[in-house]
Amino acid sequence: MRKFDIILSTDRSLMTNHHGKEFLGFGTTMPLILPRRFIQWLFCPPMKHEDGIVWQAPYGLRRIEARLVHDGFSAAVVDPDYVPRYIERGAKVLIIRHHDWFGLNPPTTTWTAFIDKEPLNAVLFREFIETVCKLRDRYDFKIIVAGPAVWQWLHMNDLIDRYHIDVIVDSNGDREEIVISRIVKRILEGKPVPSYVKMGIKDNLTIDKLVPIVHASVNGLIEIGRGCPRKCAFCSVGSRPVRWYPLEFIEKEIQINVKEGVDHGILSCTDVLLYGSDTVIPNEDAVLKVNMLAKKYWRQVGWSHCTLAAAVANKKLIDAVTEILIDGENQKLLGVEVGVESGSVKLMRMHMPAKSRPFPIERWPEIVEEAFALFHEHNIVPAATIIVGLPGEEEDDVKATTELVRRLRPYRSLIVPMFFVPMGPSRLGRQEWFRKIKHYHVDLLMACLDHALYWAERLVEEYMTDRKYFIIKRALRWFLNKVKESRGKVEEKLREYAEANT
Amino acid sequence: MKQRLLIFKDSELDKAGEEIKRALADGCFRIGLIIIKSKKTVGEIIGELRDVIKGNIYPSLSVWVVKSEEEAQKLMNLELGELYA
């Protein structure tokens with residue numbers, strides 16, 4: 001077993017490849033309504049490792065690891081179960097990165113609004129950090145926490161003391177790796193370090209400072225750009241300028257993954273269809289090139305996110321890009337997350353007027369339908385989010401969204417309602433959390449559930465074609481049947497809940 | 001990039017928001033808050049600064065918690081750019 005000065009880790013909800021199916025990762029936000037061993041096996045099985053050195057690790061941890069190694073530190077990403085052993089062997093700094101430390105992000109918040117049970121990801125983090133804390137009495141090491149959800153520590157600030165967190169790095173991904181490297185240096189030199197540090201917009205990372213990852217990332221997910229031109233008020237990514245990574249850099253990261261045995265991957269950014277573009281109109285040549293590059297190396301390629309307006313803005317590009325990716329043999333579908341957010345033009349204009357560009361915001365519901373139809377035709381499966389309880393929301397806004405969701409029924413997709421969370425740093429970061437549903441919200445939530453039940457079974461079949469998924473598919477089908485059986489009870493509960501709020 | 005370091009006692013954290021505004025108006029986009037801790041814990045200090053932190057999405061902001069005025073003065077030599085460069 002080797003010795004490292006710096007170890008990087010996270011809990012099991014993220015240190016897993018979700019059986020090679022990234023979308024199953026959403027299951028880790030589920031409260032413990034089913035036996036824990038079952039949902040943990042289904043959504044976050046252990047990662048393969050050698051002496052605790054993991055095969056694949058979350059991309060954000062890989063980026064920090066790459067920077068630390070580049071700066072001359074001895075650092076490695078280790079499995080959470082092995083963190084105590086590496087600390088016993090003398091690690092001086094533990095860096096933890098997470099997406100949802102306490103189950104406060106929109107998916108988990110939505111579940112837990114109705115189900116009085118702790119979500120799996122929060123349980124796993126709590127157990128992990130408590131194990132780490134017990135080591136504090138015997139070993140001298142510092143803890144740095146980082147990642148896009150560190151704003152949650154600001155709301156759970158008593159835990160900063162309880163878990164002895166030394167430094168909170170709130171970077172929203174930008175320059176995080178550089179700042180952490182500087183802080184690690186200060187720690188090792190015995191200099192004071194900040195308890196909290198945040199990168200401002202003027203300290204954005206420039207492309208020339210990027211260091212490619214040195215080991216495989218979970219499901220081959222690699223970043224191809226940062227920032228977003230649409231600048232929606234609820235989202236923190238939009239506060240950053242758009243920067244696209246050069247193809248040579250992307251190729252290096254794909255090659256590292258392939259070399260370490262990851263034969264599929266995900267291109268990650270806020271809008272893959274805007275890769276290489278300075279505007280909200282796709283740069284056709286750049287989008288085709290980055291996708292061709294990925295498909296040259298990988299059997300299956302997914303996209304993390306794209307926008308509906310960009311798809312509608314260049315429909316021929318959708319033809320061309322799906323022709324590259326969906327070969328019918330290795331890949332039959334292309335999964336991607338998209339933001340529908342609302343069917344209300346009023347709310348869209350208020351909080352995200354650029355979401356529809358290059359089209360006027362008044363056309364938003366129409367653009368959503370057009371994009372869903374286009375995706376359906378091209379075997380692109382959108383997992384769409386809806387934000388429930390945006391500031392300024394009224395009954396008519398919710399009704400407009402419910403109607404839109406119902407109109408989307410013919411198109412293969414999932415539509416996930418999420419309660420508004422004032423995520424920081426965003427322009428709505430200081431607004432109130434949405435917690436209390438009204439009767440009209442129940443209609444919306446049920447429309448989303450009905451949409452999911454309509455498509456989910458077929459999607460499971462099409463998403464998991466390989467024979468190795470036989471047992472997982474059975475488990476998912478069993479779970480879906482349970483949800484179907486409970487549909488009536490769920491609605492009843494929601495109506496009771498809404499009634500109590502009026 | 002211009003920087004500003006500001007020292008506060010943990011009993012006067014309510015002044016931080018105004019001081020940050022002033023620093024921004026002077027063109028300082030790297031701001032370090034040096035907090036002299038007496039009765040409050042680090043968690044309590046960060047919690048009290050939550051709105052200030054979440055409300056300032058433009059500057060690079062850091063919070064340094066020290067135990068004495070002397071330690072705070074030593075930190076006044078900090079070059080914040082070292083953290084970000």
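A:Arg363 is partly exposed, with a relative accessible area of 25%. In this predicted model, A:Arg363 forms a salt bridge with A:Glu370, and the closest N and O atoms of the pair are 3.3 Å apart. A:Glu370 is likewise assigned to the partly exposed class, at a relative accessible area of 25%. A second salt bridge of A:Glu370 is formed with A:Lys315, where the closest N and O atoms are 2.7 Å apart. Because A:Glu370 lies in helix α14 (residues 364-377) of chain A and A:Lys315 in helix α12 (residues 315-325) of chain A, this pair ties together parts that are 55 residues apart in sequence. A:Lys315 counts as partly exposed, with 36% relative accessibility.

A salt bridge is also found between A:Lys289 and A:Asp285, with 3.1 Å between the closest N and O atoms. Both residues belong to helix α10 (residues 284-297) of chain A, and they are four residues apart, about one turn of the helix. The relative accessibility of A:Lys289 is 40%, so A:Lys289 counts as partly exposed. A:Asp285, at 46% relative accessibility, counts as partly exposed as well.

Over all chains, a search of the whole structure finds 43 salt bridges. Side chains of opposite charge can pair when their charged atoms come close. A:Arg363, described above, is partly exposed at 25% relative accessible area. Elsewhere in chain A, salt bridges with shared partners join A:Asp443, A:Asp450, A:Arg487, A:Glu491 and A:Arg495 into one network.

A:Arg175 is located in the loop between β7 (167-170) and α8 (176-188) of chain A.

For chain B, the mean pLDDT is 93, and 100% of the residues reach 70 or more. Confidence within chain B is lowest in helix α5 (residues 81-84), at a mean of 86. The highest value in chain B, 97, belongs to helix α2 (residues 42-48).

Chain A is divided into two parts, domain 1 (6-203) and domain 2 (216-434). The contact between them takes 37 residues from domain 1 of chain A and 34 residues from domain 2 of chain A. Taken over C-alpha atoms, the centres of domain 1 and domain 2 of chain A are separated by 26 Å.

On the surface, A:Trp41, A:Phe470 and A:Ile471 form a nonpolar patch, and together these residues have about 330 Å² of accessible area. A:Ile471 is placed in helix α17 (residues 470-500) of chain A. The relative accessible area of A:Ile471 is 54%, which is over the 50% limit, so A:Ile471 is classed as exposed.

Notes
Residues are numbered from 1 along each chain as its sequence is written. Chains are lettered from A and ligands numbered from 1 in the order in which they are written. This is a predicted model: local features need pLDDT of at least 70, side-chain atom pairs count only at pLDDT 80 or more; totals for chains, interfaces and linings use all residues. Side-chain values use heavy atoms; hydrogens and water are left out. pLDDT is the predictor's confidence in each residue, from 0 to 100. Helices (H or I, at least four residues) and strands (E, at least two) are DSSP runs, numbered from the N terminus. Patches are made of residues with over 30% relative accessible area and no salt bridge: like charges are joined within 9 Å, nonpolar side chains (Val, Leu, Ile, Met, Phe, Trp, Tyr) within 5 Å. Accessible areas come from the Shrake-Rupley method with a 1.4 Å probe; for residues, only the protein chains shown count as cover. A salt bridge is a side-chain nitrogen of Lys or Arg within 4 Å of a carboxyl oxygen of Asp or Glu. Buried means under 20% relative accessible area, exposed over 50%, partly exposed in between (1.4 Å probe, protein chains only). Domain bounds come from an automatic or database domain assignment. Contact means heavy atoms within 4.5 Å.
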